[in-house]
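This briefing is meant for a reader who is meeting the structure for the first time. Please look through the sequence and the structure, and then read the points below alongside them.

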Amino acid sequence: MKNRKIKWGIVGLGNIASQFASDLLLIENAELTAVASRDFTKAEEFGGKYNALRIYNSYDLLFEDSEVEIVYIATPHNSHAELTIKALESGKHVLCEKPMALSYKDAERMVEASRKYNKFFMEAFWTRFIPSVQDVLEKINKGAIGNLNYIKADFAFHGSETENKRLFDNDLGGGALFDIGVYPLFLSYILLGYPKEILAKAIKHKNNIDLQTSMILQYEAGQSVLHASIVSESDMKAVISGTEGRIELNAPWFVADGYSLFKKEEKEAVVTLPTLGKGYSHEIIECQICILNNEIESKLWSHQNCLDLSRIVEEIKSQIELPF
């Protein structure tokens, strides 16, 4: 039974879902059982491309499919909470795209539903599971660069209001913080924990979403300087510094294929750790291991981890006065 196929359903069939589905095909004991979109033509095209066994024009119909075990939710941010809770109520395990919710209150409701219905739930923070990040965490825990005291990370690109309307849509939870700012915040949290103090400033769009947000997370003996932008570019490296050296994750750091280790400003090691496929495969494997072991949360990205990050984002949302 440990090697049986896990049967997946996908709701919301945009670009991320497409990358996820291509990685799902690489996992030997994973099956794409069903896909759903409110646009049936889109569902047919997606299902045909990724060999889905069944195609639906309704999310509810997919939730009612008795063969689907776990649902990957890749719809716009504003629908994550309600769809996750509905899927859990329907007896499905859930992997929900980040950010898990647009409010901490909704994040709590999602975790409560997972516990109430005894079904696996995880926010889809794929970066947590990629080999380079796993290896960096292990090295840092073993003291490779001494005590951490500084992190610099950003995620920035030129977004187009005409080509990616969702990104600039207030109603859908668009903007830099929720779409990409959660990544550098995640890195700071997973390395240094929950901050003592959070400072944030943003440049806003005319519709009140944030176009770019800069954040400082203050810790007892360290700081993280973080940035997110949908109107400018950056080198997208991440620097993790300690009392005895530093690590630089290759760009783009959130799906890094390796890193460099520096001691006394000298490059001591270059490590190459490519991802399987686009990198979503690693979180897929983690979900399947948890389901086969009858666990409702991952030890690597637990319910509490999800809630902590949501609470950090909530504080920044409040400081920069986002409307949702």
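## A residue in helix α6

Residue I140 is found in helix α6, which spans residues 131-141; helices (H or I, at least four residues) and strands (E, at least two) are DSSP runs, numbered from the N terminus. The model is a predicted one, in which local features need pLDDT of at least 70 and side-chain atom pairs count only at pLDDT 80 or more, while totals for chains, interfaces and linings use all residues. Residues are numbered from 1 along each chain as its sequence is written, and side-chain values use heavy atoms, with hydrogens and water left out.

**Surroundings of I140**

- I140 is buried, with a relative accessible area of 10%, where buried means under 20%, exposed over 50% and partly exposed in between, for a 1.4 Å probe and protein chains only.
- Leaving aside residues up to four places away in sequence, I140 touches I145, L148, L191, I240 and I247, contact meaning heavy atoms within 4.5 Å.
- Although I140 and R246 are 106 residues apart in sequence, their C-alpha atoms are 9.7 Å apart in space.

**The sheet and its helices**

- An open sheet of mixed pairing is formed by 8 strands in the order β8-β9-β10-β7-β11-β12-β13-β14, and two strands pair if DSSP finds at least two bridges between them.
- The edge strands, each pairing on one side only, are β8 (197-204) and β14 (266-272).
- Strands β11 (residues 238-242) and β12 (residues 245-249) pair in the antiparallel sense over 5 bridges, and L249 in β12 is the bridge partner of A238.
- Helix α7 (residues 176-192) lies across β7 (148-156), β9 (210-218), β10 (223-229), β11 and β12, running at about 160° to β7; axes are lines fitted to C-alpha atoms, for helices over the stretch in contact, and angles run from 0 to 180 degrees between N-to-C directions.
- Helix α9 (residues 303-319) packs on the sheet and touches β8 and β9, its direction making about 50° with that of β8.

**The lining of the largest pocket**

- The lining of the largest pocket takes its largest share, 4 residues, from α1.
- The residues of this lining divide into 16 nonpolar, 14 polar and 7 charged, with Ala, Val, Leu, Ile, Met, Phe, Trp, Tyr, Cys and Pro counted as nonpolar, Asp, Glu, Lys and Arg as charged, and the others, Gly among them, as polar.
- A pocket is an open set of points on a 1 Å grid over the protein atoms alone, where a 1.4 Å probe fits, with protein on both sides within 12 Å along at least five of seven lines, and lining residues have an atom within 4 Å of a point.
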